[in-house]
Amino acid sequence: MRPVVMCQHQWYCYSEVTPVALVGVTPKAFLLLNPPWSTNFNNDRVTLTCRDSLSPAQGDISWYHNDHLLDNKSEEIQIHKTGYYKCKTQRSSPSDPVHMDFLPDKLIIQAPHPVFEGDDVVLRCRGREATSETVFYKNKKEIRKSYISNFTLNSVSRDNDKYYCTASRKGFWGVRRDISKLLTIQVQELFPPPVLTARPSQPIEGRPVTLKCETWLPPQRSYIQLQFCFFREDQALGSGWSSSPELNLPNMWSENSGSYWCQAETVTHHVRKRSLRSQIHVQRIPVSDVNLEIQPPEGQLIEGENLLLICSVANGTGTVTFSWHREGTVRSLGTKTQRSLSAELQILTVKEHDAGRYYCAADNIHGPIVSKLIRVTLRIPVSHPVFTFHPTGAQAIVGDVLELRCEAQRGSPPILYWFYHKNVTLGSILDPFGGGASFNLTLMAEHSGNFSCGADNGLGVQCSEMVTLSVTGPSSNKITLITEGVTAGLLSILGLAATAALVCYFRTQRNSGGLSTTGAPSYSPREFKEPSRTSNTDPQEPTYSEPPDPMEQQPVCSNVDLGESNLVYSQICSIQDTKENSANSPKKHWEHKEPEVIYSELKKAHLDDSAGLAINQDRDLEDAAENYENVPCALSAIDN
């Protein structure tokens, strides 16, 4: 593993083995000793070498002894005097001073230079003469007794401890014991306390931050391996100790604001230092541009479907609280708090009361921001309609006018209503605003039976229950017609056996924009389909067929009262549908399976009143000519 270090406001630092000068900071020079001992006898000589970060040094070198400039410009000098020495190159600042001792003593204790924190240091007890037993002391306490003059201190620190040694030697007067002077080991700082930096220094919530634990190693110890650990408050971040002096935090949140610090140590754990605490405040961006989106997009739903409300913000960081509201309600429909720019709320199975205008709000502590209002409309399928008729009652008489009414209690307009008799469509009416539909029907005998109705607003057909009606009176399939246009003079000539000029006529009724006599409308909207009704079909489950023709003909007969006299009856004509007529005319709600037999009511005319009666009858015929089409009928014998 290669050493990784960070540099800040010191001389220089090394990554791997290559020194890197700090930007804006002049690196320090440093001294090397040969031999490496800082304490020597007075007759010893020591060579000092001046180096800088771009070793070997170039140009003139400045040497200082006790802060006095020496007259020597070379890279190396040889010294033999006690004092403080330092040097400076053209590319560096002055080195840290080194204290050198040259002593006249008989016994000295030596330590090498340079010594850094965590180093293992060899102490040497050296005498001018041969010695036997040697004892080492630390702060006046014996730490080692041996016949070996060397002693190794493991992982020294900058505690300013005092060391000395004693040694025995044989003299003329016997064994003598010499004592060295006190020695303070010049332990240099291996690396300064790290400095924690954050980039950016004022992070924005939700964005990454890079922490750096910056320190440096001296050139003489560039091979030392360091490892780093980062903390928030007292909790370690990341995976703990790492060889990288950087830690990337991918997302910073406001709750991550607090006190941060880091530690750096050698991989041998001999030297560990921590940085000062740094306060990091994570900035929060307020939410803005709140928008509400609904699905389905147009906001048109059918009752029973689900409504999805999506609230989003264009800007904003951190934890956002979303809330949804319907206009006119005090309580919110729901809230969600999460770290995102959008949130969803689903309203299941919407009802009629869920229609209205909706909005949402978003808040990340700076206050709620509200979206625009969006309208939600509901289309309600029709309910089973209620079929009624007026006047009410289970029985009616031929010729009565009956009001048929169909109304669905629920359902969004427009609603198309169909009316049925014996599962055959009578007609349909479009109700554009709601409230139901009705029309009048002149009853005939064949109208006895079951009536019902259906309703549809494009969301499904619903049918009413069947209502049974009984119609009493003569059948309209055999229509009684009154003979008109017989003059009194003709009757007086023919007497009791006179023949009458008979006229049969039909009147065609037309409803402009309304129902025909069968109830069929003059339009058929494309968005609605007509359910067909047959005798084998459940009225609640209609199928679809073509709508009825809006035009039908109905035979109408009008009787003229000729007074209370003897009447005779005679079959006067038979009417059958021809292929041509049946092909061109719409299908009626009754079918002609047999030829129609039409009878005429004939009066036995008297000679004395035939003249006045003929005049009145002629006038009646003229008035009716505008509304009726005369059809000639064949005459037959008159039965008395």
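Modeller: C50 and C87 are both buried, a term for under 20% relative accessible area, with exposed over 50% and partly exposed in between (1.4 Å probe, protein chains only). The two residues are joined by a disulfide with an S to S distance of 2.1 Å; a disulfide is here a pair of cysteine sulfur atoms within 2.5 Å. The torsion about this S-S bond is about 85°, so the link of C50 and C87 is right-handed. It connects distant parts of the chain, 37 residues apart: C50 belongs to strand β5 (residues 46–51) and C87 to strand β9 (residues 83–88). Strands (E, at least two residues) are DSSP runs, numbered from the N terminus.

This is a predicted model, in which local features need pLDDT of at least 70 and side-chain atom pairs count only at pLDDT 80 or more, while totals for chains, interfaces and linings use all residues. Residues are numbered from 1 along each chain as its sequence is written, and side-chain values use heavy atoms, with hydrogens and water left out.

The structure holds 5 disulfides, among them that of C406 and C453, whose sulfur atoms lie 2.0 Å apart. This link is right-handed, with 70° about the S-S bond. Since C406 sits in strand β40 (residues 401–407) and C453 in strand β44 (residues 449–456), the pair ties together parts 47 residues apart in sequence. C406 is buried at 0% relative accessibility, and C453 is buried with a relative accessible area of 0%.

For C463, the closest cysteine sulfur is that of C453, at 7.9 Å, too far for a bond. C463 is buried, with a relative accessible area of 1%.

Notes
Helices (H or I, at least four residues) and strands (E, at least two) are DSSP runs, numbered from the N terminus.
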